[in-house]
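Subject: Structure handover

Hi,

Here is the structure for you to open. My notes follow below it.

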Amino acid sequence: MDAIDRNCRIFVTGHRGLVGSALVRFLRAAGFARILTATRADVDLRDQRQVDDWFADQQPDYVIHAAGTVGGILANSERPADFLYDNLMLHATVLRAAWQNKVRKLLYLGSSCIYPRDCPQPIKEEYLLTGPLEPTNDAYAIAKIAGVKSCEAYRRQYGCRFISAMPTNLYGPGDNFDLSTSHVLPALIRKFHDAKQVGAPEVVVWGTGAPRREFLHVDDLARACLFLLERYDDSRTINVGCGEDVSIGELAGLVRNVVYPEGEVAFDRTKPDGTPRKLLDVSRLRALGWEPGISLSEGIRRTYSWYLENAGVTEPEGPVKLANSGGLRSVGQLR
Ligand SMILES: NC(=O)c1ccc[n+]([C@@H]2O[C@H](COP(=O)([O-])OP(=O)(O)OC[C@H]3O[C@@H](n4cnc5c(N)ncnc54)[C@H](OP(=O)(O)O)[C@@H]3O)[C@@H](O)[C@H]2O)c1
């Protein structure tokens, strides 16, 4: 246990994103008084010179590196060069500056989608680099793997206390509810909300509803990040998840119950299902004593409240019946 002084200077990169904003909220609540942040306009984190100047000026003691260029299947397949370049540069610059400025500890966030496409389930940390990647996001995955390996390399060559963690699928306040790019959980929230507004009888989910996925509330991830900064110091990456998965059908039922209990879930079985299961093995994190605190149904409730308050939408008073309402499709992307 390496309790971090709440007066330290802790730099959260990507603080306006889903993960970074949760980190800032959590660290503030935990009593951190000197949280450093920089917008993209302040510092383009892909630019070594700007990053060096910023580190020299601000002298952070700790860094949580949550900046990234992220997106769903469509964005990944249309912009693989950008995903590769941005994510390579984002960690290359920050890790180098952290080493040169003697940062006490740095936490780098990878992603569960960097594990081989066909790994056994649940996915153990040692499965990294044991098989071919999912081709739809291999450029992103290669860059994130390089980030994990860079932490190991700085640790080996320079003795830097750089650690990396591999979060599962995240959701929560600040999520992306744009149906053309959103992931499955916020997409379902949005679709049930839209269905409720127009009184549509059902929401149609692509596929059979059978694929299983794991979801962690981003506030739980933020808590895990501080836990790891304080208690984990190992070159091996560590999985962060809740250790349980649900089928997409079950997930749709949970979202329906929170957002629009009168709506029905229907499945379009002509559409593909994707990978049958993706679940992280979190036994190493559990053995350190960390447990998630927010159940999936509670997390969905909190996320829907945030959506109502922040996304410029209002809680519909009740379904408005439409003639010939044919149901709304949900196509949220699975990872
Ligand atoms: N979301 C998930 O389910 C998930 C799961 C596992 C791992 N992760 C990892 O967690 C990290 C953050 O993901 P997220 O979902 O929070 O992403 P996000 O919501 O898109 O936020 C990314 C943040 O990075 C910042 N950023 C990107 N490029 C930058 C640059 N060149 N200079 C400065 N800032 C830059 C963005 O700034 P702007 O606000 O200016 O755009 C934004 O604040 C990523 O590394 C991702 O791999 C996410």
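Two strands pair if DSSP finds at least two bridges between them. Strands (E, at least two residues) are DSSP runs, numbered from the N terminus.

The model is predicted: local features need pLDDT of at least 70, side-chain atom pairs count only at pLDDT 80 or more, and totals for chains, interfaces and linings use all residues. Residues are numbered from 1 along each chain as its sequence is written, and side-chain values use heavy atoms, with hydrogens and water left out.

First, a sheet. Three strands make an open sheet, ordered E11-E8-E13, with mixed pairing. E11 (246-247) and E13 (277-278) are at the edges with a single partner strand each, so one side of each has no neighbour in the sheet. E8 (residues 212-213) pairs with E13 in the parallel sense, over two bridges. Arg212 sits opposite Arg277 in E13.

Next, Lys105. It lies in strand E4 (residues 105-109). Lys105 is buried (under 20% relative accessible area; exposed is over 50%, partly exposed in between; 1.4 Å probe, protein chains only). Lys105 has no salt bridge (a side-chain nitrogen of Lys or Arg within 4 Å of a carboxyl oxygen of Asp or Glu). The nearest side chain of opposite charge, Asp233, is 4.4 Å away. Lys and Arg count as positive, Asp and Glu as negative; His and the chain ends are not counted.

Last, cysteines. There are zero disulfides (pairs of cysteine sulfur atoms within 2.5 Å). For Cys113, the nearest cysteine sulfur is that of Cys119, 11 Å away. Cys113 is buried, at 11% relative accessible area.

Best wishes

Note on methods:
Helix = DSSP H or I, 4+ residues; strand = E, 2+ residues; numbered from the N terminus.
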